[in-house]
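Look at the model first, then read on.

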Amino acid sequence: AEDSTKITLTNLTRSSEPGGTTTPAEGYLTYASLKLALSATDTLTNISDITVSMSGTASASDVEAVRLYKDTNANCLYDDGVDTQIGSDQVMSGSPGSATFSSISSGVLTTSSTSVVACFFVRAKISDSANDERTLALGIQSSSDITNDQSYTFSTTSSPPVYGNTTTISNGATSYWDGSASNVYTANGN
């Protein structure tokens with residue numbers, strides 16, 4: 001691969017995704033629609049690993065599971081029943097929470113130019129025990145969170161961190177202590 005060719009990451013998340021508030025009852029929603037491309041036509045590269053990270057005030061336990069989907073019909077929009085899940089459901093862990101989709105099969109997510117691109121979708125379900133009024137966004141935090149087999153480096157102008165829209169979890173008056181502490185009297189429903 002030429003040193004001048006870079007890989008780019010673009011946020012294509014629609015303003016309606018996932019919605020201003022989300023609830024456990026809504027099931028899996030799209031939290032990020034992302035596009036990988038090369039800055040010039042070059043050797044095709046396979047994406048082999050993607051780590052999805054969370055931002056906001058939500059903790060890893062507020063998310064039941066995360067799914068990664070391939071844009072099967074090449075429109076860079078999530079289409080239920082058309083686009084296919086990559087790998088299996090992953091559980092967020094750590095603080096801030098993250099989940100890694102590793103060993104993605106060769107040929108599943110590939111890019112070789114500005115027009116032959118790899119669009120993928122991050123979908124997640126809020127946990128039934130999620131804390132009310134916590135905020136959540138999902139995306140790619142670091143350039144090291146996406147591995148491509150041609151070792152293209154990220155463009156300085158179109159690179160992580162890239163996150164979808166922030167939503168507020170709505171789960172009634174439910175609050176569960178998750179080990180965090182605060183001396184702010186309004187925090188944690190005090």
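Helices (H or I, at least four residues) and strands (E, at least two) are DSSP runs, numbered from the N terminus. This is a predicted model, where local features need pLDDT of at least 70, side-chain atom pairs count only at pLDDT 80 or more, and totals for chains, interfaces and linings use all residues. Residues are numbered from 1 along each chain as its sequence is written, and side-chain values use heavy atoms, with hydrogens and water left out.

**The serine**

S113 sits in the loop between β8 (110–111) and β9. Leaving aside residues up to four places away in sequence, S113 touches A37, L38, A40 and T41. Contact here means heavy atoms within 4.5 Å.

**The disulfide**

The structure holds 1 disulfide, a pair of cysteine sulfur atoms within 2.5 Å. C76 and C119 form it, with sulfur atoms 1.9 Å apart. C76 lies in the loop between β5 (63–70) and β6 (84–90) and C119 in strand β9 (residues 118–126), so the pair ties together parts 43 residues apart in sequence. The S-S torsion of C76 and C119 is about 65 degrees, so the disulfide is right-handed.

**Burial**

Buried means under 20% relative accessible area, exposed over 50%, partly exposed in between (1.4 Å probe, protein chains only).

| Residue | Relative accessible area | Class |
|---|---|---|
| C76 | 15% | buried |
| C119 | 4% | buried |
| S113 | 5% | buried |
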